[in-house]
Amino acid sequence: LGGIDARQRDDCLPAPEAQRWLGKNVPHWRRRLQGEAGYAEPARLPVVCMASSERPFADTERHRLHVRGWNSQEVRIALAHEYLHLAFEGHPRAQDESGIERLARQLIMETY
């Protein structure tokens, strides 16, 4: 329900560190993801917003990723996870939560 409220508001509290991190890592992930069925890199980098109390989520209509905090590996996995929902949008894999989570964890482990 919190995610729905956040989508209805037109505000976004920018998360600049998370935004920079995503921009730095997407090119590295690209090489790994290009071979994945259904992968379509978004035409532009999604905007990363801080979520107040909601769980992380991808807002596909506004091309935004909402995350909580920034200083842990779990948050980075969550950001990668939500990015993957956008990258597989329009493909059945986008609805496979466990598959998206597994792939997000692989990307983070391969990156660090």
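Reply: Happy to! This is a predicted model. Let's begin with a rule: rings of Phe, Tyr and Trp (its six-membered ring) pair if their centres lie within 6.5 Å. By this rule the model has three aromatic pairs.

Me: Why is the pair of W29 and Y83 called tilted?

Reply: Start with the distance: the ring centres are 5.8 Å apart, and the limit is within 6.5 Å. Now the angle: planes under 30 degrees apart count as stacked, over 60 as edge-to-face and the rest as tilted. The planes of W29 and Y83 stand at 50°, so this pair is tilted.

Me: Which parts of the chain does that pair link?

Reply: Distant ones: W29 sits in helix α2 (residues 16–33) and Y83 in helix α3 (residues 73–87), 54 residues apart. Together with W21, these two residues also form one aromatic cluster.

Me: How do you know whether W29 and Y83 are buried or exposed?

Reply: Buried means under 20% relative accessible area. W29 has 2% relative accessibility, so W29 counts as buried. Y83 has 1%, and therefore Y83 counts as buried too.

Me: What makes the pair of Y39 and F88 edge-to-face?

Reply: Here the centres are 6.0 Å apart and the planes are at 65°. Y39 lies in the loop between α2 and β1 (47–50), while F88 lies in the loop between α3 and α4 (97–111), so the pair ties together parts that are 49 residues apart in sequence. Both Y39 and F88 are buried.

Me: And why is M109 called partly exposed?

Reply: M109, which lies in helix α4, has a relative accessible area of 48%. As for where M109 is relative to Y39, they are 70 residues apart in sequence and 19 Å apart in space, C-alpha to C-alpha.

Me: What lines the largest pocket, and which residues lie nearest its centre?

Reply: The largest pocket has a volume of about 440 Å³ and is lined by 19 residues, with P56, H81, E82, H85 and E97 nearest its centre. β2 (57–59), α3 and α4 each supply at least two of the lining residues, and α3 gives the largest share, seven residues. By type, the lining has seven nonpolar, four polar and eight charged residues.

Key
Residues are numbered from 1 along each chain as its sequence is written. This is a predicted model: local features need pLDDT of at least 70, side-chain atom pairs count only at pLDDT 80 or more; totals for chains, interfaces and linings use all residues. Side-chain values use heavy atoms; hydrogens and water are left out. Helices (H or I, at least four residues) and strands (E, at least two) are DSSP runs, numbered from the N terminus. Buried means under 20% relative accessible area, exposed over 50%, partly exposed in between (1.4 Å probe, protein chains only). On a 1 Å grid over the protein atoms alone, a cavity is a set of points where a 1.4 Å probe fits but cannot get out, and a pocket is an open set with protein on both sides within 12 Å along at least five of seven lines; lining residues have an atom within 4 Å of a point. Grid points are joined across faces, edges and corners, and a volume is the space filled by probe spheres set on the points. Ala, Val, Leu, Ile, Met, Phe, Trp, Tyr, Cys and Pro count as nonpolar, Asp, Glu, Lys and Arg as charged, and the others, Gly among them, as polar.
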